[in-house]
Amino acid sequence: MSLPTTTEHGLCGYQLGSSTREIWRARAAALSELLAEFRWLVDMHIVDFFVQNAWAALPGEWQSEFDTQWDKALPELVDLASGGQWRSSGPASLHQFINACHTLALDRSPGLHSTPQGNRVKAAPCLNSQVPPLDSRILPGMNPKKVEEVASLAFLVSKVARKSKAHLIADVGAGQGYLSRALAYQYHHAVLAIDGDSGQTRGAQQWQKSTAKRVHSVTAQDTLLLAAAAPGLAHEAYLRHVTCRIDSTNLPTVDQLVANVQTRTAPLNNSCAPEVSPQSRWVVCGLHACGNLSVAMLQWFVETNAQALIIVGCCYNLMKEEHGSEPFPLCHSLATNQDLATPHFLKLACQAPMRWSDQISQSIRNFDRNFYRALLHYVMIDQGLVTTSDPFPVVGRMRSNAFQDFPTYCRRALSRLGHECISETTLTQYYDTHAPSAYRLAVVWTLRALLAPCIESLILLDRCLYLVDKGCAVSLIPLCDAVVSPRNMVIVATKST
Ligand SMILES: C[S@@+](CC[C@H](N)C(=O)[O-])C[C@H]1O[C@@H](n2cnc3c(N)ncnc32)[C@H](O)[C@@H]1O
């Protein structure tokens, strides 16, 4: 088993390279095996819980274990999902499943590393604790989660860019430009903010204007602090924006992109910003590069002369086949896993069970909401409003007062879906018959959630192994608290030349 260590970037995480490729392939193979064995759980749709009698799919000894728990404690399930253990009295096969989920999923606690004996200890000194806070003039527009993500990622991107002697950082999927501004204004890099959506580019340009005002309205000394050419950087800081969609059919060179910059923003310290030539050294970064964008960025990095890639993915559910190529698996040695990546698999990868115990009342409310939604589906089929072969009707988000009782929830949902209401007495009867199974639904929802970190780990390892196969050295680093930011694993890849 590969354990976290101090990576070449000084942060604790996993290091992958040609010498450790086989160890990581073995880990990916073990994850694939687990996910193939429990595919029935991955591909189960909780809305279908009653219609498909999902409980019956659980091994008999697991059913008896949960059915005989006299207290049916939901907090215990929440705790289990977030990394806890199950009662020692449980059947061995259940414990094996829980242990496999916990041990095969990548560890995502920042700043821990392993002793030669395999114990997890707080790394000292660990660079994770050295991340400087963001300058207050860069903060407007960011919520506390974004502040934590941007602070840690900007620190790491800057470190990698300096080590790579990069003239330019391309922030892809820059959105409103939070990371771009931190890199330009706080870390003094030349930054090209790229987004496929012109609305996002305009938003980022507006934010930049207000940041520039704040920066230049402060004392001369502060301005110097923020905009001085940084030691060790060949070029002065600037931030430019371009609208461009990066995908497998559009992988422009960086000088082509710079030539297309829409608004030439003045360099941060008012001197002339250098142009980028095909020989310029540059790195690619992205925070929450959603769905296929992560895959396109990996390909872009591999196919261009970029020196390094620093990327955090998200929204795995948006990954889809594009122009004849599948986004998973990317690595040839995982090719046999292609049929694992169903929509359920990709959607489950986005869950964040590590957060459940931190938000315990919300998690318990979610059990109730899932129970109401699954029972509504059963009622609709039983009443002939939909058939089992119809797609699930999309109820959408409901206000919390819709969940005060089942008949209220059904009335609102049915009216939203354009159906006549069913009598209160009938709905109450459905509820009374099925309420004893609410705990069973919570059990299945929890066991399924245990697989979510395994799926995300497999997707991440697939991306890392793809890069290793292309000759890169790769680190996989948990960057900030996973409870604050569940998509906290950053891939850092560097080319050997
Ligand atoms: C989840 S947002 C992240 C924004 C920003 N990095 C942040 O963390 O706040 C993803 C961004 O990627 C952009 N995007 C998605 N696919 C893209 C593509 N193929 N090429 C360029 N930008 C893309 C979207 O427009 C969106 O602004």
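This note goes through a predicted model, from the overall fold to the ligand shell and a few backbone details.

1. **Overall make-up.** The chain holds 17 helices and 11 strands. Of its 497 residues, 44% are buried.

2. **Strands 1 and 2.** Strand 1 pairs with strand 2 in the antiparallel sense, over 2 bridges. T5 has G13 of strand 2 as its bridge partner. The two strands form a hairpin with 5 residues between them. In the turn, G10 has a positive phi of about 85°. Strand 2 is mostly covered, with 5 of its 5 residues buried.

3. **Strands 2, 10 and 11.** Strand 2 also runs antiparallel to strand 10, joined by 3 bridges. Here L16 is bridged to V474 of strand 10. On to the next pair: strand 10 (residues 472–478) and strand 11 (residues 489–495) are antiparallel too, with 7 bridges. C472 finds its bridge partner in K495 of strand 11.

4. **Helix 1 against helix 17.** Two packed helices are described by the angle between their axes and the distance between the axes. For helix 1 (residues 21–37) and helix 17 (residues 452–469), the angle is about 150° and the axes are 10 Å apart. The crossing is left-handed. Helix 1 contributes R21, W24, R25, R27, A28, L31, S32, L34 and L35 to the contact. Helix 17 brings C454, I455, S457, L458, L461, D462, C464, L465 and V468. By class, the contact residues divide into 12 nonpolar, 2 polar and 4 charged.

5. T20 sits in the loop between strand 2 and helix 1.

6. **Strands 8 and 9.** These two run parallel and are joined by 7 bridges. V284 is bridged to L309 of strand 9. Is strand 9 (residues 308–314) mostly covered or open? Mostly covered: 7 of its 7 residues are buried. In a regular strand the side chains alternate between the two faces of the sheet. From strand 9, A308, I310, V312 and C314 point one way. L309, I311 and G313 point the other way, and the residues of both sets are buried.

7. **The ligand shell.** The ligand is surrounded by 19 residues, of which the closest are G173, G175, G196, D197 and L287. Helix 7 (178–186), strand 8 (282–290) and helix 11 (292–303) each give two or more residues to the shell. Strand 8 supplies the largest share, with 3 residues. By class the shell has 9 nonpolar, 6 polar and 4 charged residues.

8. **Backbone points to check by eye.** Most residues other than glycine have a negative phi, and most peptide bonds are trans. K165 has a positive phi, near 55°. K165 is in the loop between helix 6 (144–163) and strand 5 (168–172). With 12 other C-beta atoms within 10 Å, K165 is exposed. H323 also has a positive phi, near 45°. H323 belongs to the loop between strand 9 and helix 12. H323 counts as exposed, because it has 8 C-beta neighbours inside 10 Å.

9. **A cis peptide.** Which peptide bond is cis, with omega near -10°? The one from F328 to P329. P329 lies in the loop between strand 9 and helix 12 (343–348).

Notes. Residues are numbered from 1 along each chain as its sequence is written. This is a predicted model: local features need pLDDT of at least 70, side-chain atom pairs count only at pLDDT 80 or more; totals for chains, interfaces and linings use all residues. A residue is near a molecule or strand if its C-beta atom, placed from the backbone, lies within 6 Å of it. Helices (H or I, at least four residues) and strands (E, at least two) are DSSP runs, numbered from the N terminus. Ala, Val, Leu, Ile, Met, Phe, Trp, Tyr, Cys and Pro count as nonpolar, Asp, Glu, Lys and Arg as charged, and the others, Gly among them, as polar. Axes are lines fitted to C-alpha atoms, for helices over the stretch in contact, and angles run from 0 to 180 degrees between N-to-C directions. A crossing is left-handed if the near helix is turned anticlockwise from the far one by less than a right angle, and right-handed if clockwise. Two residues are in contact if their C-beta atoms, placed from the backbone, lie within 7 Å. Two strands pair if DSSP finds at least two bridges between them. A residue is buried if 20 or more other C-beta atoms lie within 10 Å of its own, exposed if 12 or fewer, and partly exposed in between; C-beta atoms are placed from the backbone.
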